[in-house]
Amino acid sequence: MRVHLVPDSGQSSLEWNVPFIYFRVLVAVIVVGLLALLFLIFSSGSLILERQQRRILERRLDSMTSRVARVHSLETQLEETTLVLLKVQEMLGVRETMPDSALATLASRGMRSGEAMALLEGRLSSAGQQMLHASPSTWPLRGWVTREFNGKRGDEYHPGTDIAAAYGSPVRAAGDGTVLVAGWNEEYGNFVLIDHGFGITTLYGHNSSLAVRKEDRVRAGDVVAFLGDTGRSTGPHLHFEVRRNGIPVDPRTFLLD
């Protein structure tokens, strides 16, 4: 292929002989370059669009996750409220004993008595709150349960729950009430008997000394005695009884945690 340049100024013309293969190579390079440029433009557009779609999906996922967490929270709160209400009904003797599965669920929630009380207070009338606080739902002593309640008559009969702890540990009222007896007898040694109303009383036996007197008003958590080893006792521990209409019942039926 021949390339011939003729200047306008009248100067002598220029002429080159270029092999045709060079022209083909030049055209091929231009075509490949244009295709590469188009590919880069298309790829960049796709990446930008993909990033935008990913951000939108991430925002939607965050929103859905928050809603699911909120639903689970409400579901848990509703379940806990229902279980505690059932337990309070059971305490007051207006329903049958809760099934073990329900108690296990309540325990698995790790609900503490204070949390349960707070949960219920906002949902009960003043009369209901009074009944709730009067129920002996607070453990009178933190220690080791050495013997459980057994209501079956015979050698294994045991009308309360025994809790061992350090000698002199404070023993607290399990619920609001009035002290009926603060005295001594051969069976329980130094003991306190509290009337919580609604036919419910609690007894705290084997104490070393007492912190209340007859007719004192006490609230849940108030110290009523100190752990001891008086009466028919084999070591320092608290004998804790809950009685409904004078009949001993399992304290765990009332205790919330």
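These notebook entries record what I looked up in one structure.

**Entry 1. The model**

I noted that this is a predicted model, in which local features need pLDDT of at least 70, side-chain atom pairs count only at pLDDT 80 or more, and totals for chains, interfaces and linings use all residues. Residues are numbered from 1 along each chain as its sequence is written, and side-chain values use heavy atoms, with hydrogens and water left out.

**Entry 2. The nonpolar core**

I looked up the largest nonpolar core, which has 23 residues. Such a core is a set of buried Ala, Val, Leu, Ile, Met, Phe, Trp, Tyr and Cys residues joined through side-chain atoms within 4.5 Å. Buried means under 20% relative accessible area, exposed means over 50%, and partly exposed lies in between (1.4 Å probe, protein chains only). Ile194, Tyr204, Val218, Val224, Leu238 and Phe240 touch the most other members. At least two core residues come from each of strands S7 (189–197), S8 (200–210), S10 (223–227) and S11 (237–244). Strands (E, at least two residues) and helices (H or I, at least four) are DSSP runs, numbered from the N terminus.

I then listed the contacts of Ile194, where contact means heavy atoms within 4.5 Å. Beyond four places in sequence, the partners of Ile194 include Ala173, Leu180, Ile200, Tyr204, Val218 and Val224.

**Entry 3. His206**

Is His206 buried or exposed? I found that His206 is buried, because its relative accessibility is 4%. This residue is found in strand S8.

**Entry 4. Salt bridges**

I counted 4 salt bridges, each being a side-chain nitrogen of Lys or Arg within 4 Å of a carboxyl oxygen of Asp or Glu.

- Glu50 and Arg54 form one of them, at 3.6 Å from N to O. The two are separated by about one helical turn because they are 4 residues apart in helix H1 (residues 20–91). Glu50 is partly exposed at 42% relative accessibility, and Arg54 is partly exposed at 48%.
- Glu148 pairs with Arg252, with the closest N and O atoms 2.9 Å apart. This pair links distant parts of the chain, 104 residues apart: Glu148 is in the loop between strands S3 (144–147) and S4 (161–164), and Arg252 is in the segment after strand S12 (247–249). Glu148 is partly exposed at 36%, as is Arg252 at 35%.
- Glu241 and Arg243 meet at 2.9 Å, N to O. Both residues are buried.
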